[in-house]
Amino acid sequence: MENFLFSLNATVPVFLIIFLGWFLKEKKIISKEFVPTTNDLVFKILLPVQLFMDISSTDIKSMVNPKFMIFCFVSTVVCVMLIWLLAVIFIKEKRSIGSFVQGAYRGSAAILGVAFSQNMYGNSGMVPMMIIASVPFYNVMAVTLYTIYGEGQTLHGKQFIKKVLLGIAKNPIIIGIVCGIPFALLNVHFPTMINKTLSNLAGITAPLALLIVGADFEGAKAIKKLNLTVVATVIKLVVQPAIMLPIAVLLGFRNEELVAIVIMLSAPTTVASYIMARSMKNDEVLSCSIVVLTTLFSSITITAIIYILKSLQYI
């Protein structure tokens, strides 16, 4: 019961903020102009700052576990490639492929991962190491997919490769992660004034991003994408954990390590996928719908996974 209540406490508030964004838009409190402007603020400034703070405050040297990090990276690569292959085969609308693939693989590790680990173990555990091992690849693939399937994409060959590499190098989220690593390795402590400023910026990232999702949510359009939304949700919340978690258990991962892997595989789709889809001219309607549906049902699926693992004494 305690894990069930915690899962609800971790996910229901997120969904309620999304609902609040939609409600404020319906009441004309949030204007149409608010969404694209705030979208740029979150994508270019706030998300990078949040990831920078998460990584830079981690004691990387004492927490490095090569076996764990290799598993996180390899399982992420395998899941992404299989989902991408299936999407190319079955999805006819090119503009929806990138949004579908990212929605089906990319979990909200940074926002929910630390919260779950702190609730169970009193600290962030192995979640930061999972973020370092998987999130950079998340973003590399996101930029690649959104560049390939973005509206108006006409580049080919060397021009296309150059655009993808440039997009990766200039991606604000990747910049935030890369900049945070040397600060973590050198154990740099910011002056209180700077630390509080960055922490305050990081603190408003998730609520503001969720408000944007709600404010830009159009029910009629989302219904048209319902089939793809449901499939992506099932892959994200059920199929990935059902395949990869037994492998993780067989490899000997337990407790904090296994909880971090659960979050990587089972967390609802991150709001960043919607932010990037909108910014890079992909199918933001589908991306938004996947974020909402995975957030709504993750409280049930994550609770079930945690209950099963605890019952089997793996965590």
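This is a predicted model: local features need pLDDT of at least 70, side-chain atom pairs count only at pLDDT 80 or more; totals for chains, interfaces and linings use all residues.
**Helix packing and buried residues**

The crossing of helix 5 and helix 16 is right-handed. Two packed helices are described by the angle between their axes and the distance between the axes. Helix 5 covers residues 94-105 and helix 16 covers residues 284-311; their axes come within 8 Å and cross at roughly 20°. Angles under 35 degrees count as roughly parallel, so helix 5 is roughly parallel to helix 16.

How many of the 12 residues of helix 5 are buried? The number is 10, so helix 5 is largely enclosed by the rest of the structure. The buried residues of helix 5 are Ser96, Ile97, Gly98, Ser99, Phe100, Val101, Gln102, Gly103, Ala104 and Tyr105. They pack against several elements, namely helix 4, helix 7, helix 13, helix 15 and helix 16.

Helix 15, residues 271-279, is also mostly covered, with 7 of its 9 residues buried. Those residues are Val271, Ala272, Ser273, Tyr274, Ile275, Met276 and Ala277. Which helices cover the buried residues of helix 15? They include helix 2 (34-56), helix 5, helix 7, helix 9 (172-185), helix 11 (205-215) and helix 16. After helix 15 comes lysine 281, which has a positive phi, near 60°.

The next pair is helix 4 and helix 7. Their axes lie 8 Å apart and the helices pack at an angle of about 20°. Helix 4 and helix 7 are therefore roughly parallel to each other. Their crossing is right-handed. On helix 4 the contact is made by Phe68, Met69, Cys72, Phe73, Thr76, Val77, Val80, Met81, Trp84 and Val88. On helix 7 it is made by Met129, Met130, Ile132, Ala133, Ser134, Phe137, Tyr138, Met141, Leu145, Ile148 and Tyr149. The residues of this contact divide into 19 nonpolar, 2 polar and no charged.

Serine 134 lies in helix 7, residues 127-149. Is serine 134 buried or exposed? Its relative accessibility is 0%, so serine 134 counts as buried. Beyond its neighbours within four places in sequence, serine 134 is in contact with Cys72, Thr76 and Met264. Serine 75 lies in helix 4, residues 66-90. Serine 75 has a relative accessibility of 2% and therefore counts as buried. Where does the side chain of serine 75 reach? It reaches the backbone oxygen of cysteine 72, at 3.1 Å. Residues up to four places away in sequence aside, serine 75 touches Met244 and Met264.

The last stop is a loop residue. Phenylalanine 253 is found in the loop between helix 13 (226-250) and helix 14 (255-266). With a relative accessibility of 2%, phenylalanine 253 counts as buried. Leaving out neighbours within four places in sequence, phenylalanine 253 is in contact with Lys67, Phe68, Phe71, Ala248, Leu258 and Ile261. One of these, Phe68, also takes part in the contact of helix 4 with helix 7. The C-alpha atoms of phenylalanine 253 and tyrosine 314 are separated by 8.2 Å, and the two residues are 61 residues apart along the chain.

Terms used
Residues are numbered from 1 along each chain as its sequence is written. Side-chain values use heavy atoms; hydrogens and water are left out. Axes are lines fitted to C-alpha atoms, for helices over the stretch in contact, and angles run from 0 to 180 degrees between N-to-C directions. Helices (H or I, at least four residues) and strands (E, at least two) are DSSP runs, numbered from the N terminus. Angles under 35 degrees count as roughly parallel, over 145 as roughly antiparallel, 65 to 115 as roughly perpendicular and the rest as oblique. A crossing is left-handed if the near helix is turned anticlockwise from the far one by less than a right angle, and right-handed if clockwise. Buried means under 20% relative accessible area, exposed over 50%, partly exposed in between (1.4 Å probe, protein chains only). Contact means heavy atoms within 4.5 Å. A polar contact is a pair of N or O atoms within 3.5 Å; within protein, one must be able to donate a hydrogen and the other to accept it, and residues adjacent in sequence count only if both atoms are side-chain atoms. Ala, Val, Leu, Ile, Met, Phe, Trp, Tyr, Cys and Pro count as nonpolar, Asp, Glu, Lys and Arg as charged, and the others, Gly among them, as polar.
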